[in-house]
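Here is a short briefing to read alongside the structure.

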Amino acid sequence: MKLILRQIQIHIFHDQIISTLLLALTLFSHGYLHEEEEIEKVLIGLHFLYGISIATLVLAITGVFGACKEKKWALIVYAVGMILGCLFMFVSEINGLAVQPKMIRDMKQQYLDFMPLSNASEDFLRSFNQAQAGIQCCGLEQGYVDWGYDIPQSCVCTEESTHPCVAAPRNSSLYENHTDDVPIRIFQEPCFRYFTEYVVYLLGITIGVMVGVTLLWVLSVVLCIIILCRLNRKVSSGPGPTVVYSQEAKAGNYSILTEPAELT
């Protein structure tokens, strides 16, 4: 009994740490994105994280109190709340896997709205050029063709480049100040494939972390239910019979009920 109580205390303490870290991450993200213009788009997600982290933190504190003081009501509140939380997490994980194709389609459509790239906004071009140089790609969907005549310098391959390169078309802006006949090599592959791979990678890590946290919650709930069963068994069995010492029995005050048979 004490060993199981100790184990559930440890697991609920881990839940407290996870909830505290999630709350701290939410606060940091809110503060970091506070000055951004698109903060309204992520406010719903931030409020959701606030609710999850605070609710699980309160449940974890209630569970620790119930495990330490052997309070059934606190353990029941913790178990019910965490069961609902586990169900919600499982549904969210399944939904995250189901909406992945739609997420990629929506992201592709969002990027295609910036086509042609040469006419996109300066803010988008600044960030996109940085992505091209870092990922070693050029263009969005069809490679350097997406840039038309104005192929930027971020598409040019360097000596350290590891991705495949091709010769840039001679009728592009790259050859305006080019004096020799050495062809300028640019990245061959478009960037959208790398964007989607990165998004899928992040989504996989997120779902993996969620599954790990959910399994930890499930283990804590199982231990909590075991403790509740032990407490119910302990209450139902009740205390043992009370031993009463009689002064007459101590003094030997008793009488013989039957006479012993005579020897024949």
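**Briefing: from fold to record**

Starting at the N terminus, the elements of the protein follow the order α-α-α-α-α-β-β-α-α. That comes to 7 helices and 2 strands. Please keep in mind that this is a predicted model.

**Packing and surface**

- The protein has 264 residues, and 30% of them count as buried.
- Among contacts with a separation of 6 or more, 62% are between residues 24 or more positions apart.
- The accessible surface of the protein is about 17800 Å². Carbon and sulfur atoms make up 63% of that surface.

**A look at T56**

- You will find T56 in helix 2, which covers residues 39–69.
- Is T56 buried or exposed? T56 is buried, because its relative accessibility is 8% and the cut-off for buried is under 20%.
- Leaving aside residues up to four places away in sequence, T56 touches S19 and W217.

**What the record lists, and how the model looks there**

- An unreviewed UniProt entry lists residues 12–32, 44–66, 73–91 and 198–228 under "transmembrane region".
- Residues 73–91 are 100% helix and 0% strand in the model. The end C-alpha atoms of residues 73–91 are 27 Å apart.
- Residues 198–228 are likewise 100% helix and 0% strand. For residues 198–228, the end C-alpha atoms lie 45 Å apart.

Conventions:
Residues numbered from 1 in each chain as written. Predicted model: local features only at pLDDT ≥ 70, side-chain atom pairs only at ≥ 80, totals over all residues. Heavy atoms only, no water. Helix = DSSP H or I, 4+ residues; strand = E, 2+ residues; numbered from the N terminus. Buried < 20%, exposed > 50% of the residue type's maximum accessible area, 1.4 Å probe, protein only. Contact = heavy atoms within 4.5 Å. Areas by Shrake-Rupley, 256 points an atom, 1.4 Å probe, with all protein chains shown as cover. UniProt positions renumbered as here; feature names shortened; annotations may be inferred.
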